[in-house]
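The sequence and structure are shown first.

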Amino acid sequence: MSVTILVDADACPVKDEVYRVAWRHAVPVKIVSNSRLRVPDHPLIERVVVSDGFDAADDWIAEAANAHSIVVTADILLADRALKAGAVVLAPTGKPFTAASIGPAIATRAIMADLRAGMSDGIGGPPPFSKADRSQFLQALDAALVRLKREA
C-alpha cells in the first residue's frame, strides 16, 4: 500500500510545501476542503471538496486516514482521530502530534476555549506563522515520508 498525504486544507498555510515534497517523493496528495480551492494540475494532486457541514472535511480525513497516511492539520481533535486511525500527523509548523502529546494538547485547547469564553476582550491566538515554521514543516514532512516509505 502506498503512502498518501491528506491535507486539512481550508486554513493550511503550507499547501505549496506539501506539493513540493510530494512531487519529490512521488506521493499522492488529497487536498480536502469545504470549498473549491485552487490546486496544481498534476496527477499526484487530488482536490476533495466535501459538504459545508460541520466537520465534514475532518470526518472525510479521519475516515481516509490509516497507517500509510500523513495528515497535515492544525486541528487538535482531527489530529486525535487521525492518530487513532494509525496515521502520522503533522501540524503546519512541523510539530508532530503523537499519542503522548495529544492528550495534553486537547486539555490545553479546552482550557483556552474556557478562557476565551470568559473574557470580553479576548486572548491572542497563536503566534504568526514564520519562515522557521515553514522550514521546520518541510523537514518534518520529508522525514515522515522517508520513514513511512521505508516501512511500506
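## Packing of helix 1 against helix 5

Helix 1 passes helix 5 in a right-handed crossing, the term used when the near helix is turned clockwise from the far one by less than a right angle, anticlockwise being left-handed. Helices here are DSSP runs of H or I with at least four residues, strands are runs of E with at least two, and both are numbered from the N terminus. On the helix 1 side, the contact (heavy atoms within 4.5 Å) is made by E17, V18, R20, V21, R24 and H25. On the helix 5 side, R134, F137, L138, L141, D142, L145, V146 and K149 take part.

The axes of the two helices come within 10 Å and cross at roughly 30 degrees. These axes are lines fitted to C-alpha atoms, for helices over the stretch in contact, with angles running from 0 to 180 degrees between N-to-C directions. Helix 1 and helix 5 are therefore roughly parallel to each other; angles under 35 degrees fall in this class, those over 145 count as roughly antiparallel, 65 to 115 as roughly perpendicular and the rest as oblique.

## Basis of the model

The model is predicted: local features need pLDDT of at least 70, side-chain atom pairs count only at pLDDT 80 or more, and totals for chains, interfaces and linings use all residues. Residues are numbered from 1 along each chain as its sequence is written, and side-chain values use heavy atoms, with hydrogens and water left out.

## Overall architecture

The protein chain contains five helices and six strands. Along the sequence, these elements follow the pattern β-α-β-β-α-β-α-β-β-α-α. Of the contacts with a separation of 6 or more, 49% are between residues 24 or more positions apart.

The accessible surface of the chain comes to about 8,500 Å², and 56% of this area belongs to carbon and sulfur atoms. Accessible areas come from the Shrake-Rupley method with a 1.4 Å probe; for residues, only the protein chains shown count as cover. Of the 152 residues, 39% count as buried, where buried means under 20% relative accessible area, exposed over 50% and partly exposed in between (1.4 Å probe, protein chains only).

## Nonpolar cores

The largest nonpolar core has 26 residues, of which I5, V7, I31, I70 and L141 touch the most other members. Such a core is a set of buried Ala, Val, Leu, Ile, Met, Phe, Trp, Tyr and Cys residues joined through side-chain atoms within 4.5 Å. At least two residues of this core come from each of strand 1 (4–8), helix 1, strand 2, strand 4 (69–72), strand 5 (88–90) and helix 5 (131–151). Helix 5 gives the most, with six residues.

Leaving aside neighbours within four places in sequence, I70 is in contact with T4, I5, L6, V88, L90, L141, A144, L145 and L148. A second, separate core of 18 residues includes A57, A65, I76 and A82.

## Helix 1 and the residue that follows

Which residues of helix 1 are buried? They are K15, E17, V18, Y19, V21, A22 and H25. These buried residues pack against strand 1, strand 2, strand 3, strand 4 and helix 5. H25 has a relative accessibility of 14%, and apart from residues up to four places away in sequence, H25 touches D142, L145, V146 and K149.

Just after helix 1, A26 takes a positive phi of about 55 degrees, although A26 is not a glycine. A26 lies in the loop between helix 1 (15–25) and strand 2 (29–33) and, at 54% relative accessibility, counts as exposed.

## Other loop and strand residues

D55, in the loop between strand 3 (45–49) and helix 2 (56–64), is another residue other than glycine with a positive phi, near 65 degrees. Its relative accessible area of 31% makes D55 partly exposed.

V39 is placed in the loop between strand 2 and strand 3 and counts as buried at 19% relative accessibility. Beyond its neighbours within four places in sequence, V39 is in contact with Y19, I31, I45 and R47. F97 belongs to strand 6 (residues 96–97) and is buried at 8% relative accessibility. F97 and V72, 25 residues apart in sequence, are 9.9 Å apart from C-alpha to C-alpha.
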